[in-house]
Amino acid sequence: MPDARPRILIAVLTFRRPLDLEELLPALVDQAAGVGPEAHILVVDNDPDAGARGLVRELGRFDPVAYVHEPEPGIAAARNRALAEASAYDLLVFIDDDERPTDAWLAALLATYDSSRPAAVVGPVLSRYDTEPDLWIRAGRFFERRRHTTGTRVPLAATNNLLLDLEQVRALGVTFDERFGLSGGSDSLFTRQLHARGGEMIWCDEAVVIDVVPAVRLTRQWVLRRAFRMGNTWSRIALEDTESARRALVRISLLTRGSARVLGGTARYAAGVLTGQLGARARGLRTAARGAGMLTGSVGSVYSEYRRS
């Protein structure tokens with residue numbers, strides 16, 4: 001790529017969120033135009049009924065937005081479809097349909113990529129609430145994510161704000177494991193394997209996207225289910241990414257760590273009750289839920305968060 005600007009594909013994975021697409025796609029068109037004609041947009045529709053087809057075609061009448069239908073259920077299949085559709089491109093940029101890029105988001109990702117040509121560039125995700133969450137959600141700080149200084153190397157990432165150097169991804173032989181399609185976690189396993197095989201991942205703190213959090217997620221039940229799923233998925237990823245000869249030791253470690261989280265979270269909750277600290281109670285329950293998920297995942301049980309027909 002030293003003699004030409006890289007060809008860029010921005011991939012939006014969607015599942016029955018027409019209002020989000022209506023808001024997101026014009027913003028992506030502006031972002032693509034801002035970096036030049038080498039940037040294109042693709043919507044990967046994971047709805048078995050191809051519900052976004054008409055909307056994308058209507059929105060793309062004047063600004064070209066490509067559309068493909070991936071009927072195989074699960075976000076991992078949609079992610080792999082994006083990889084396949086990007087075969088003629090140099091860079092693939094993932095963004096979720098419920099997110100909104102801030103000004104110069106794409107330019108910031110590209111600038112960080114140009115500085116060192118890593119295998120991936122990872123950006124921060126900030127939350128914006130549809131409705132004001134209750135005090136339990138606020139006290140728990142459940143939608144606040146860790147950030148780093150630009151240039152920091154990171155070992156793990158999600159695909160909600162991720163740039164991939166496709167030549168390196170192909171050389172390292174990494175794809176999304178479709179066994180994690182309905183449980184979630186295929187992006188965590190993908191980036192963990194990318195890192196383990198020598199792919200450098202660099203943080204870009206200026207490339208911010210806004211995560212639009214709907215009211216349905218601003219509940220205790222949703223937060224605790226998500227924590228359980230994350231623990232479950234983390235254990236499954238750890239086992240999957242371990243040689244079979246060492247799996248028994250890893251399983252014991254996961255059982256120990258999961259139990260410690262359950263006990264520690266329960267103790268933190270109890271301390272919060274005694275001291276009247278709502279944040280301690282909220283975070284204690286989430287820690288215990290994640291530990292319970294780790295325990296189930298360590299024995300092979302799969303919790304499917306995304307139920308699609």
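## How helices α8 and α10 pack

Two packed helices are described by the angle between their axes and by the distance between those axes. In this predicted model, helix α8, which covers residues 220-240, packs with helix α10, covering residues 278-298, at an angle of about 35°, and their axes lie 6 Å apart. The crossing that α8 and α10 make is right-handed.

## Residues where the two helices meet

On the α8 side, the residues in contact include Val-223, Leu-224, Ala-227, Phe-228, Gly-231, Trp-234 and Leu-239, while on the α10 side they include Leu-285, Ala-289, Ala-292, Gly-293, Met-294 and Thr-296. Arginines also take part, among them Arg-236 in α8, and Arg-286 and Arg-290 in α10. Sorted by class, the contact of α8 with α10 has 11 nonpolar, 7 polar and 3 charged residues.

## Two residues with positive phi

Most residues other than glycine have a negative phi. Ala-50, however, has a phi near 55°, which is a positive value in a residue other than glycine. Ala-50 is found in the loop that runs between strand β2 (39-45) and helix α2 (53-59), and Ala-50 counts as buried because its relative accessibility is 11%, which falls under 20%.

Arg-141 likewise has a positive phi, near 55°, and is a residue other than glycine. Arg-141 sits in the loop between helix α5 (135-140) and strand β8 (161-165).

Technical notes. Residues numbered from 1 in each chain as written. Predicted model: local features only at pLDDT ≥ 70, side-chain atom pairs only at ≥ 80, totals over all residues. Heavy atoms only, no water. Axes fitted to C-alpha atoms, helices over the stretch in contact; angles between N-to-C directions. Helix = DSSP H or I, 4+ residues; strand = E, 2+ residues; numbered from the N terminus. Left-handed = near helix turned anticlockwise from the far one by under 90°. Contact = heavy atoms within 4.5 Å. Nonpolar A, V, L, I, M, F, W, Y, C, P; charged D, E, K, R; others polar. Buried < 20%, exposed > 50% of the residue type's maximum accessible area, 1.4 Å probe, protein only.
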